[in-house]
Amino acid sequence: MQLLEQDRKKIYGALQEISDSMTRISAEKDFISETLKDLHDQYKSTISKKSLTKLATVYHKQSFNEEVAAADEFETLYQNITGPIEGA
C-alpha cells in the first residue's frame, strides 16, 4: 500500500495523539485505583471495597435511581422464585 507523504504524516500524528490520550487514561485509572485503595484502607471496617467502587461508579454516572430500581426488581424476582410455594 502506498500512501502520500501528507497522508502518512496525518496518520502518524493521529497515532501520536491517540497514544498520548491512552497514557492519560492509564494515569487516571491508576489514580482511581489508588484513591479507592486509600479509602478502603481508611474505612475497611465499615465499607467494602466493592461498595466504594460502586459508589464511585454510580456517582459518576448519576445512576442512583436506576440502581435502586434494578435492586428492587431483583429483590422482587428473587422472593417470587425462592419464596414459599402456594398450595404446597
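## The start of the chain

Leu 3 is partly exposed, at 43% relative accessible area. In this predicted model, Leu 3 sits in the segment that comes before helix α1, which covers residues 5-43.

## Salt bridges within α1

If you like to look for charged pairs, the whole structure holds three salt bridges. One of them joins the side chains of Arg 8 and Glu 5, with N to O at 3.1 Å. Both residues belong to helix α1 and lie three residues apart, about one turn of the helix. Arg 8 is partly exposed at 42%, and Glu 5 is partly exposed at 43%.

Another pairs Asp 41 with Lys 37 at 3.0 Å, N to O. These two are four residues apart in α1, so about one helical turn separates them. In general, an α-helix has 3.6 residues a turn, so residues three or four places apart point the same way.

## From α2 to α3

Glu 67 and Lys 54 form a salt bridge too, their closest N and O atoms being 3.1 Å apart. This pair links distant parts of the chain, with Glu 67 in helix α3 (residues 64-82) and Lys 54 in helix α2, 13 residues apart. Glu 67 is partly exposed at 30%, as is Lys 54 at 46%.

Helix α2 itself has 13 residues (49-61), which should span 18 Å at 1.5 Å a residue; its end C-alpha atoms are 18 Å apart, in agreement. After α2 comes Gln 62, with a positive phi near 50 degrees.

Technical notes. Residues numbered from 1 in each chain as written. Predicted model: local features only at pLDDT ≥ 70, side-chain atom pairs only at ≥ 80, totals over all residues. Heavy atoms only, no water. Buried < 20%, exposed > 50% of the residue type's maximum accessible area, 1.4 Å probe, protein only. Expected span 1.5 Å × (residues − 1). Salt bridge = Lys/Arg side-chain N within 4 Å of Asp/Glu carboxyl O.
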